[in-house]
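Good morning, and thank you for joining this group meeting. Please look at the sequence and the structure on the screen before we discuss them.

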Amino acid sequence: MDKRVLLPTDYSQNALNAIRYALELYKNVRCEFYVLNAFHISGYTLDSMRVPETGEPYYEAAKKESEEGMERLMQMIKLHPENDKHRIHTITTFNSLTEAIKIVIDKKDIDMIVMGTKGITESKARIFGTNTVNVMEQIKECPVIAVPNGYMFQSLKEIVFPTDYRTAFKKKEIGDLIEISKLFDAKINVLHIDKDKDGKLGRKEQANKELLEEILMGTDHEMHFLPANKVSDGINTFIEEHSCDMIAFLNRKHLFFGSILSNPLVKKIGYDPQVPILELNDN
């Protein structure tokens, strides 16, 4: 299994931390890593009539700053133990982050994005950085792993996957969840939180639950039911009680959490990410 992993960076400590997490997560997998910095030029917006061009002083200064930042970052990455399964490529480009990511996904056939939850300029009050939320909302071509600020990699043992069983599952949608769980023999804990507290599923929900069990056959998994007044409280309680190492969401529009990340996620369900989030797409 070869993976092509995109690692966006703004040269913050948080972004470096996410890169280290990705290198550990895929330690035993043959990987092509693409480290991407999308640089900007102060005073110019990407949708303005005139965009600075190659050779112009502002453009060249911003490009040089981005390339020097990438050089420093690569020196830091080299301190990480060498892995002959990994190859690391660098990309610096003048663009918005999401547009740059879309281009790289298309050109390099990217399988996974791993990024930090905060950037250099993020306010301490905001748990999820704007960039992370934008990427999770706008990029549908591949899954995103968001690594919380300061989170150090630890081998995965327990993954929680909250669902309400309202819609049918497709194997390709949760393929990356299954793949990651198999890398570490981690258990997938399917979590159904019921605000009505009776735990009963309708005929459609029951059929979807059975379909999910079929898809997860061959993995270590367990189905859980938890009564809770708030979905977020139920998730947080479960993560704490089961010492979960990752939470996986299927980001479907207007279902379960609504679009879970649009507000962003932390505002929508009050979830303060203590563990990495694997956002799977309904694509």
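This is a predicted model: local features need pLDDT of at least 70, side-chain atom pairs count only at pLDDT 80 or more; totals for chains, interfaces and linings use all residues.

How many residues does helix α2 have, and how far does α2 reach from its first C-alpha to its last? Helix α2, residues 57-77, has 21 residues and reaches 30 Å, close to the 30 Å expected at 1.5 Å a residue. The expected span here is 1.5 Å times one less than the number of residues in the helix.

Residues are numbered from 1 along each chain as its sequence is written, and side-chain values use heavy atoms, with hydrogens and water left out.

Helices (H or I, at least four residues) and strands (E, at least two) are DSSP runs, numbered from the N terminus. The protein contains 8 helices and 10 strands. Of its 283 residues, 51% are buried; buried means under 20% relative accessible area, exposed over 50%, and partly exposed in between, with a 1.4 Å probe and protein chains only. Taking a contact as heavy atoms within 4.5 Å, residues 24 or more positions apart account for 80% of the contacts with a separation of 6 or more.

Let us return to α2. Its buried residues are Tyr59, Ala62, Ser66, Gly69, Met70, Leu73, Met74 and Ile77. Seen down the axis of α2, these residues fall within an arc of 140 degrees, so they line one face of the helix; the arc is that of the directions from the helix axis to the C-beta atoms. An α-helix has 3.6 residues a turn, so residues three or four places apart point the same way. The buried residues of α2 pack against α1 (13-25), β2 (30-39) and β3 (86-94). On the other side of α2, Pro57, Lys64, Glu65, Glu71 and Arg72 are exposed.

I turn now to the backbone. Most residues other than glycine have a negative phi. Aspartate 109, in the loop between α3 (97-108) and β4 (112-116), has a positive phi near 55 degrees. Tyrosine 165, in the loop between β6 (158-163) and α5, has a positive phi of about 65 degrees.

Which of these two is buried, and which is exposed? Aspartate 109 is exposed, at 54% relative accessible area, whereas tyrosine 165 is buried, at 1% relative accessibility.

Finally, in helix α5 (residues 175-184), the buried residues include Leu177, Ile180 and Phe184. Aspartate 185 follows α5 and has a positive phi near 50 degrees.
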